[in-house]
Amino acid sequence: MKKPLFPLRAAACAAALFSGCQSSATYKDGTYKAQYQDADDHGWTEYVTITVSGGKFTAVDFDALNEDGEKKSQDEDYKAAYTGAGYQTYPADYSKKLEDSLLSKQNPDQVDAVAGATNSSRSFKDLVKQLESRMKKGDTSTLVVKKSK
């Protein structure tokens, strides 16, 4: 006598539905870094460093360095130029928003752009996406990325 397969099918469908809400990526523990090969028009080279523990993002650092090794997020003149131009955000603010968003959502595809920092938001997501294959393999060497124009 055949047993009905409906309960098994229903369970399989429910599992598929709920698993779609999470990133399907499985990351290996480690600290990963990606940076652009070249500086932008203002002399800043953007980078992201991500720490993975237990297969999840546990720390994220997104910033940019100039040729003197100074961080964009700590440059008060750059902040003044941003806010003086009427922007509601500045490097230290939008970097934190992007970092926090990735930590809470655990999926770079779900990170929203920060208003007033569209290009930096795009760079953040690009660098994280570029790192994904390395995080899956456990390759912690620094990834140097050529920025697409």
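Modeller: A search of the whole structure finds six aromatic pairs. This is a predicted model, where local features need pLDDT of at least 70, side-chain atom pairs count only at pLDDT 80 or more, and totals for chains, interfaces and linings use all residues. Residues are numbered from 1 along each chain as its sequence is written, and side-chain values use heavy atoms, with hydrogens and water left out.

Colleague: Why is the pair of F62 and F124 called edge-to-face?

Modeller: Rings of Phe, Tyr and Trp (its six-membered ring) pair if their centres lie within 6.5 Å; planes under 30 degrees apart are stacked, over 60 edge-to-face, the rest tilted. The centres of F62 and F124 are 5.1 Å apart and the planes stand at 70°, so the pair is edge-to-face.

Colleague: What makes this a link between distant parts of the chain?

Modeller: F62 is in strand β3 (residues 56–65) and F124 in helix α4 (residues 118–137), 62 residues apart. Helices (H or I, at least four residues) and strands (E, at least two) are DSSP runs, numbered from the N terminus.

Colleague: Are F62 and F124 buried or exposed?

Modeller: Buried means under 20% relative accessible area, exposed over 50%, partly exposed in between (1.4 Å probe, protein chains only). F62 has 1%, so F62 is buried. F124 also has 1%, so F124 is buried.

Colleague: What kind of aromatic pair do Y78 and Y82 form?

Modeller: A tilted one, with 5.5 Å centre to centre and 40° between the planes. Y78 and Y82 both lie in helix α2 (residues 76–84), four residues apart, about one turn of the helix. Both are buried. With W44, Y87 and Y94, they form one aromatic cluster.

Colleague: How do you know that the charged end of K33 sits over the ring of Y47?

Modeller: The rule asks for NZ of Lys or CZ of Arg within 6 Å of the ring centre and within 35 degrees of the ring normal. K33 meets it over Y47, at 4.9 Å from the centre. K79 lies over the face of Y90, at 4.4 Å from the ring centre.

Colleague: What makes β1 and β2 a pair of strands?

Modeller: Two strands pair if DSSP finds at least two bridges between them. Six bridges join β1 (residues 30–36) to β2 (residues 45–53), and the two run antiparallel. A34 stands opposite V48 in β2. β2 and β3 are also antiparallel, over nine bridges. There, I50 stands opposite V60 in β3.

Colleague: How many cavities are there of 30 Å³ or more?

Modeller: One. On a 1 Å grid over the protein atoms alone, a cavity is a set of points where a 1.4 Å probe fits but cannot get out; a pocket is an open set with protein on both sides within 12 Å along at least five of seven lines; lining residues have an atom within 4 Å of a point. Grid points are joined across faces, edges and corners, and a volume is the space filled by probe spheres set on the points. The largest cavity has a volume of about 30 Å³. Its lining includes F62, E46 and Y94.

Colleague: Which element gives the most to the lining of the largest pocket?

Modeller: α4, with six residues. The largest pocket holds about 660 Å³. Its lining has 27 residues, with D40, E46, N119, S123 and K147 nearest its centre.
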